[in-house]
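Thanks for coming. I have one model to go through today, so please look at the screen.

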Amino acid sequence: MSATNTTNTANISTTSANPLTILEQVLAGKECSASELVRLYECDIFTLGEAANSIRKQKYANKVFFNMNRHINPTNICADVCKFCAFSASRRNPNPYQMTIEEVVAQTVASQSRGAKEVHIVSAHSPHYAYEWYMQCFSEVKKAAPKIHLKAMTAAEVDFLSRRFGKDYRAVLEDMAKAGVDSMPGGGAEIFDEKIRKKLCSGKVSSTRWLEIHSYWHSLGKMSNATMLFGHIEERIHRIDHILRLRDTQCDTQIVESKKGGFNAFIPLLYQRENNYLNLPQPLSGQEILKTLSIARIILHNIPHIKAYWATLGANLALVAQEFGADDMDGTIENESIQSAAGAKSKKGISKEMMIAQIKDAGFVPVERDSLYNELQSY
């Protein structure tokens with residue numbers, strides 16, 4: 001599939017079709033335009049929820065997935081300034097830090113001893129680390145913990161390394177694979193519309209390059225995730241455009257199902273309002289959040305999983321979202337620095353026992369998975 005689908009949100013006209021008719025057409029497999037799909041937001045929340053829940057039940061019955069993982073963020077010293085970010089060291093977060101490779105490896109080994117099966121390494125765009133630092137870090141992590149799944153490097157980080165060190169992004173991705181990176185997270189996508197992107201994260205990877213990076217990673221036989229940051233200055237049409245670009249970039253179903261390339265999951269990340277430069281007065285409503293997840297499940301027929309990331313939604317809303325199309329909560333995390341810096345209640349992660357108990361209390365079957373969604377154990 002092409003990674004350069006660029007739906008023009010500026011020139012989209014409205015449609016007079018009934019929103020329920022549009023929903024029926026989408027569920028029947030008819031191709032609908034962005035201007036039609038955005039009208040799904042006009043549907044009653046329970047109508048959308050019922051449609052999305054029906055899809056997730058056909059795929060996964062009453063299962064809710066989670067994994068045992070550890071987030072490691074090697075530094076918060078960043079060459080870029082994104083207006084939504086509260087993690088990078090700045091006037092609003094004057095506490096810069098920088099980890100060594102030895103510290104990253106030590107945290108990985110300690111987390112593996114506590115049951116973690118994935119380490120998620122995402123960092124700021126450091127002006128201090130050498131290119132070799134990253135590849136050596138990945139190699140040392142895999143040497144010390146060969147059985148752990150190494151998920152690392154957002155497409156924004158890949159693009160930053162490519163530009164800073166004058167390397168083709170393809171070469172960066174190939175080096176990552178050789179160094180032991182198993183899959184890529186979905187960060188850095190934010191919102192694909194370039195006008196919004198210019199206001200939100202000017203200077204960061206472009207939407208086209210983000211999609212190209214993931215497409216090439218998929219061509220190497222590797223899996224990744226995809227995110228969308230929403231609830232800030234974007235409009236509904238921008239979310240629809242973003243979702244459609246991901247749908248059109250996804251690998252063929254057979255490749256995805258064989259886990260030889262493609263997006264594992266779509267993760268709508270709710271914007272966190274504290275300690276950043278957007279200064280937005282009102283949070284997004286719970287209904288708008290649930291509608292967005294439901295619409296994603298309805299449209300993204302070719303991306304297997306919809307993750308309600310508890311670190312941004314909060315555990316309670318993430319559990320409710322499992323009845324609105326989502327089928328995954330993410331994982332135990334252990335330590336989370338990026339979302340919690342902006343106000344999310346996720347700094348210390350969540351225990352496996354609490355995750356299982358909360359999923360059961362919500363009426364679902366907790367299923368521990370690995371990073372590629374192979375089922376390990378039901379509880």
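In β9, which residue is the bridge partner of asparagine 67? That partner is glycine 331. Before I go further, note that this is a predicted model.

Strand β1 covers residues 63-67, and strand β9 covers residues 328-331. The two pair in the parallel sense, over 2 bridges.

Now the pairing with β10. Strand β10, residues 365-369, also runs parallel to β1, and 4 bridges join them. Phenylalanine 66, for instance, has glutamate 368 as its bridge partner in β10.

Putting the strands together, we get an open sheet of 4 strands in the order β9-β1-β10-β11, and the pairing is mixed. At the edges are β9 and β11, the latter being 375-378. Each of these has a single partner strand, so one side of each lacks a neighbour in the sheet. From one strand to the next, the twist averages 30°.

Is β1 largely enclosed or largely open? It is largely enclosed by the rest of the structure, because 4 of its 5 residues are buried.

What does histidine 214 touch, leaving out residues up to four places away in sequence? The contacts are Ala155, Met184, Pro185, Gly186, Ser224, Asn225 and Phe263.

That is what I have for today.

How values were computed. Residues numbered from 1 in each chain as written. Predicted model: local features only at pLDDT ≥ 70, side-chain atom pairs only at ≥ 80, totals over all residues. Heavy atoms only, no water. Contact = heavy atoms within 4.5 Å. Buried < 20%, exposed > 50% of the residue type's maximum accessible area, 1.4 Å probe, protein only. Pairing = 2+ DSSP bridges. Axes fitted to C-alpha atoms, helices over the stretch in contact; angles between N-to-C directions.
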